[in-house]
Amino acid sequence: MEYFKTIFIVASINVVAVIGMTIFTGFTGLFSFGHAAFIAIGAYGAAILTYFYHFPFVLALVLGSMLAGLVSLLIGYPTIKGNLGSDYLAVALLGFGEAVRVILENLKITQGARGLPGIRICCTVPVIIIAMIIAILVAKHLVLSKYGRRMVEVREDAVAAEMLGVPLFKTKYFSFFISALFCGLSGGLLAHYYGFIQPAMFTLDQSTQILASVVCGGIGSLTGPIIATYIFVFVPEIFRFAKLWRLVFYGSALVLTMIFRPSGLMGYREISFNSLATIHKQLSRLFNKIVS
Amino acid sequence: MFLQTMVTGLGIGSIYALMAMGYCLVFSILNFSNFAHGAMIMLGAYVGFLFCSIIGLSFFWSLILTAIITGILSIINERLAYRTLREKSAPSLYLIITAMGVSIILENLVYSTIGSNFYSYPKIFSRNYIEIFSSTIGLIDIYSFFVSIICIILLHLFLNYSKMGIAIRAGVSDPVAASLMGANFNVLIRNVFFLSGIFAGIAGVFMGFRYMVYPQMGWITNKAYIAAVIGGLGSLPGAIIGGLILGIIETIVSVYISSVVRDVFSFSLLILILLFKPLGLFGVKLEDKM
């Protein structure tokens, strides 16, 4: 049970970051290989506040995620203003992510590559569930709001959106900021769950995994990436017996999804109670047909 | 001291240039960043180790055989992973994610079959150095520099004077028109992947000689990718110059400042160049395909 709980918490912490990435990649259509940096900034920000300055946990979480947001405003202004192509933006953010990691390894307050041990462990199951629900609700309302619709317009056709008066830069910048906030929150939760953080936890692999969850879950869907995140955390655990081979399976799953179902798990659709009811209705109709 | 630094920088830079050209060739024709190239270089280092150390071939033959084998592996990679996506004309992000998946597969395949041990190549170069103006210059730097130059010249001749090379350049500038003129696009792409595999193999052998062979050595190739971006993705002269600049800057920083901040320098250089020249130094204006 303890084992199951651990996996659930780890997956849910990832979900918070993936929701942020969904807004940036899924809804705005921009890519990043550097969002692990925001997780790192959130984690270190929150952990340093509780560890050295004895801040209360929730306040530290909020401040850590604000710090990640602030950094995103700094790095986002030149990169997004520069109107880089989507590949180039992803690569510039990759450079940013690696630079942040190397800086964390050399700062005094982060204790370098040894990491910060002994952070207070406050992230329990209720805390993570509450954080996740808040993240999902905020994201859902954001996506349905005026700003969310602008993001979708930018994703679908940037030129047409600009003709209709959608401020391109502001929309992209805002979505970048929001995604950094979520990633920072996820980092704070991570730090206070493991009780130990070090720069090597926030590498390109983590950025790729978040991006892969979004793409495999379905670009333009909120529930798809969440389901994909849980699959990506749970399935490797099932294959635990296969030891090192499970990462080979993970890579193959990624490639096969891209080849055979490029629109992702959910495509543009969402799972809601209504769609569940429809599925139930269809299933029971099918069942009746078979019985009669 | 300065001369020695410059030569080491050029040696490392020329390997970066070789790797960057592999990225660049694929990017120029398919418009996506082939992140599986790093894994190909890693495989090249392992294959080179097999020939050089276990079978005991000479340096020259192991270099050539490795290049051919990685070229074939690269073709297989394209055939299995990218062709279906290409035929569906999927956006380039899907190809990028697939490439990352391929690199995860290859890296962990090596992990689970060969293991995570570090292997070192036979020490052909380590004791050989020459002295010019009282500075010692390693033979490996000179070798890697000249082999890279030879490769670059051969590629240039191939692209400009052979029929296939001209067809590839036509495919780069307009795939549809090139296929209408009778060039088989699939064959073009197969040859481009073969070329990029050859460069990956040669670069892998040199990386193995310079450092060690281990499953995660593909990480170093991120820097080659940076070199390609600095020069402008899709531009071959850009890849070469980007690689050389990066190699020299890294060596100078690690000799005169500190090897710890070396990576911060190269990543900041990347961001700076992207800010002022968003398409890299020699970038060609490409339509952003999202």
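## A kinked helix and a two-chain model

Helix α3(B) has a kink of about 45 degrees, centred on Ala81(B); the bend at a residue is the angle between axes fitted to the seven residues ending there and the seven starting there. Helices here are DSSP runs of H or I with at least four residues, strands are runs of E with at least two, and both are numbered from the N terminus. This is a predicted model, in which local features need pLDDT of at least 70 and side-chain atom pairs count only at pLDDT 80 or more, while totals for chains, interfaces and linings use all residues. Residues are numbered from 1 along each chain as its sequence is written, and chains are lettered from A and ligands numbered from 1 in the order in which they are written.

Let us stay with α3(B) for a moment. This helix covers residues 59-87 of chain B, and its 29 residues should span 42 Å at 1.5 Å a residue; the end C-alpha atoms are 40 Å apart, which agrees. The expected span is 1.5 Å times one less than the number of residues. Just after α3(B) comes Ser89(B), with a positive phi of about 45 degrees.

Chain B has 11 helices and two strands, in the order α-α-α-α-β-β-α-α-α-α-α-α-α from the N terminus on. Its radius of gyration is 19 Å, close to the 19 Å that the globule rule gives for 290 residues, so chain B is as compact as a globular protein of that length. The radius is taken over C-alpha atoms, and the rule is 2.2 Å times the number of residues to the power 0.38. Chain A has 12 helices and zero strands. For chain A the radius of gyration is 20 Å, close to the 19 Å given by the globule rule for 292 residues, so this chain too is as compact as a globular protein of its length.

| Chain | Residues | Buried | C-alpha span along principal axes |
|---|---|---|---|
| Chain A | 292 residues | 49% | about 70 × 55 × 35 Å |
| Chain B | 290 residues | 51% | about 60 × 45 × 35 Å |

The largest nonpolar core holds 177 residues, and Val16(A) and Ala20(B) have the most contacts inside it. Helix α1 of chain B (residues 2-30) gives the largest share of this core, 17 residues. Such a core is a set of buried Ala, Val, Leu, Ile, Met, Phe, Trp, Tyr and Cys residues joined through C-beta atoms within 7 Å. Beyond its neighbours within four places in sequence, Ala20(B) is in contact with residues including Ala224(B), Ala228(B), Gly231(B) and Gly242(B); contact means C-beta atoms, placed from the backbone, within 7 Å.

Where the chains meet, 33 residues of chain A are in contact with 34 residues of chain B. On the chain A side, α4(A) gives the most, with 12 residues. That side divides into 22 nonpolar, nine polar and two charged residues.

Finally, Ala200(A) is found in the loop between α8 (168-194) and α9 of chain A. This residue counts as exposed, with 11 C-beta neighbours inside 10 Å. Ala200(A) and Gly115(A) are 85 residues apart in sequence, and their C-alpha atoms are 8.7 Å apart in space.

Conventions. Buried ≥ 20, exposed ≤ 12 C-beta atoms within 10 Å, placed from the backbone. Contact = placed C-beta atoms within 7 Å. Nonpolar A, V, L, I, M, F, W, Y, C, P; charged D, E, K, R; others polar.
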